[in-house]
Amino acid sequence: MRLRDTYDTVARAYDAQLAGELDHKPLDRALLTAFLELAGPGPVADVGCGPGHVTRFLAARHPDVVGVDLSPEMIAIARERAPGLSFTVASMLELPVADGAWAGAVALYSIIHLSPPERAAAFAELARVLRDGGRLLVSFHVDGPDAAAGDTTHLGTWFGAEVDVDVHFLDPAAVGADLRAAGFRIESTLVRDPLDPAEFPSHRAYLLARRGG
């Protein structure tokens, strides 16, 4: 509830600031394009899609893409911007999808608010809805100006609004261990520097994983 309320509150400001962020992120675009090639045919999901800017990027390159987000306000914006795409309000801890339904999923910064038990549960749920051999691309903040990997920062204001939410800075090795425990095999790990001034000055990690052996 707290996380949903936070994203409902900042949805319009979030979209206004981040709708075009991929225009400034060639590495992110390349990773998303490679992910689609590896996932192959079949449904692909953007989990924690927010206002749908990543969903739209994927859908321009793949015929079967859906967006999922906890926030009804975020999903409302996503539907406004791309009425022809499928968007669903749902938690990544309980996805309304059959076992093995998806060929792939991306979760870009969707796990940064989850506690360790919630993160493990989310990865188990993603493993459930991905087909054997399905690909998962996860990204997250590693550290920041005043935070090391493993730290948690509480936000009381964000995008000019009062909020109540925690942000977890994560160690790629720990996230990789959680993914392996959920039945994934890590295929690639990439950590990059922040793109000043396009984004918050944190190091970002990207893990590409395959469900099953």
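What covers the buried residues of α4? I put this to the predicted model and found that the cover includes α1 (2-18), β2 and β3 (86-89).

I then listed which residues of helix α4 (residues 72-81) are buried, and they are Met-74, Ile-75, Ile-77 and Ala-78. These four lie on the same side of α4, because they cover an arc of only 160° around the axis. I noted beside this that an α-helix has 3.6 residues a turn, so residues three or four places apart point the same way.

Next I turned to strand β1 (residues 44-47), where Val-44 and Asp-46 point one way and Ala-45 and Val-47 the other, and where I found all of them buried. β1 pairs in the parallel sense with strand β2 (residues 65-69) over 4 bridges, and in this pairing I see Ala-45 opposite Val-66 of β2.

Tyr-109, which is not a glycine, has a positive phi of about 65°, and I located Tyr-109 in the loop between β4 and α5 (116-129). Phe-159, likewise not a glycine, has a positive phi of about 50° and is found in the loop between β6 (152-158) and β7 (161-168). Buried or partly exposed, I asked of Tyr-109 and of Phe-159? Tyr-109 has 17% relative accessibility and so counts as buried, whereas Phe-159, at 23%, counts as partly exposed, the cut-off for buried being under 20%.

Notes: Residues are numbered from 1 along each chain as its sequence is written. This is a predicted model: local features need pLDDT of at least 70, side-chain atom pairs count only at pLDDT 80 or more; totals for chains, interfaces and linings use all residues. Side-chain values use heavy atoms; hydrogens and water are left out. Buried means under 20% relative accessible area, exposed over 50%, partly exposed in between (1.4 Å probe, protein chains only). Helices (H or I, at least four residues) and strands (E, at least two) are DSSP runs, numbered from the N terminus. Two strands pair if DSSP finds at least two bridges between them. The arc is that of the directions from the helix axis to the C-beta atoms. Contact means heavy atoms within 4.5 Å.
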